[in-house]
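Welcome! Take a moment to look over the sequence and the 3D view, and then read the short briefing that follows.

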Amino acid sequence: MSLLSALGGVTWLRSGHLLARHFSQAARRGERPGGEELSRLRLDDLAPTPRSAQGLELLFGLSPCLLALRAARRRVARLLLQAGRSGLQGERAELLRAAEARDIPILRPRRQKLDALCRYQVHQGVCMEVSPLRPRPWTEAGEARPGDNPQQLWLVLEGLQDPRNLGAVLRSAYFLGVDKVITSRRNSCPLTPIVSKASAGAVEVMDVFSTDDLDGFLQAKARQGWLVAGTVGCPGPEISGSSEIPVMSCSEFLWDRPTLLVLGNEGSGLSQGVQASCQLLLTILPGWQLPPGLESLNVSVAAGILLHSICSQRKGFSEERKREQLLQGSREPSATSGGPTVSSGLSSGSEKERQGAFLRPCDPARDHRGKGLCD
């Protein structure tokens, strides 16, 4: 396909037919010049695939595509690697090898083609046509008895609708070692390619479950001995109707039993039915007095703070850290006679190993990137 520029207008040559549109005509109609034709451009070096008819979607981004190939949960129709790059090295070479091993067709379109195909999302030169990824019924999550492990943590999401929020929440949940994620099927964002990109591909390797009856699910888990902990903004009149449910700062919460942490919708928070099913409400206290309109955090930011506050209490990790600090304190002299022991702030090799063990849930991503789920 050739793009010919002419004074006062732009002309496209497509399949032997001449299409001409002038900027002045488009401007009079209030349209972006060339917008109609550009939206209909097809890849001249790619045979078009009717993705919607085949139930396919376009996954984009290096980590989502690579982790999707490695997890093998999706059916992959073809891999699109941007042409013109100086060789394929590192993750792109691994992506190519994985696709060839599965006999997946590989095409090399130009950058402009990939931009148009994925609607100008940040694709990093990699796209795949794949089958959708859907949450599994929560009944497949298996029964975890509270007595098996007192520090089990399930994250429950009610009505998250922004795909980037959902992806960021899932990324934090995977990084910090949440055992399972349950979403409400109603009014929730599906697991779209944008969710996968925002999660840095974490959604491709973690299990996400869903339920049609979130109230019933929470009540059933509470009867089994789980603690159902909801989340709210700063305590105020908006939760006065639920004053019988104790509200606690997340920094004061003691994680000593299996817990369901429940996050609500970006705008309205938890529904009344779900909040009534909670035994405790956790909140994040601000550092100072806030003006109106800034009393709350973005749900993905709040999820990261809450999950870290809880997961940092993991029994093995916290006890090992305390033991290490005690050992360091016994070895290092006090800054002043009789004063408190001051740590050097340097991590020993053994402590680094323990930190690596704590981040073990990130191993699928670390295998191909040499680090955790980071951009």
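**A helix tucked inside**

Eight of the ten residues of helix 4 (residues 62–71) are buried, so the rest of the structure largely encloses this helix. Buried means under 20% relative accessible area with a 1.4 Å probe, protein chains only. Helices (H or I, at least four residues) and strands (E, at least two) are DSSP runs, numbered from the N terminus. This is a predicted model, in which local features need pLDDT of at least 70. Residues are numbered from 1 along each chain as its sequence is written.

**Around helix 4**
- The buried residues of helix 4 include L62, P64, C65 and L69.

- Eight strands make an open sheet with parallel pairing, in the order 8-11-10-9-14-12-15-13.
- Strand 8 (136–137) and strand 13 (247–249) are at the edges with a single partner strand each, so one side of each has no neighbour in the sheet.
- Two strands pair if DSSP finds at least two bridges between them.
- Strand 9 (residues 153–157) and strand 14 (residues 259–263) run parallel and are joined by five bridges.
- W154 has L260 in strand 14 as its bridge partner.

**Confidence**
- pLDDT is the predictor's confidence in each residue, from 0 to 100.
- The protein chain has a mean pLDDT of 74, and 65% of its residues reach 70 or more.
- Residues 1–49 have pLDDT below 50.
- Residues 333–375 also have pLDDT under 50.

Terms used
Predicted model: local features only at pLDDT ≥ 70, side-chain atom pairs only at ≥ 80, totals over all residues. Heavy atoms only, no water. Buried < 20%, exposed > 50% of the residue type's maximum accessible area, 1.4 Å probe, protein only. Contact = heavy atoms within 4.5 Å.
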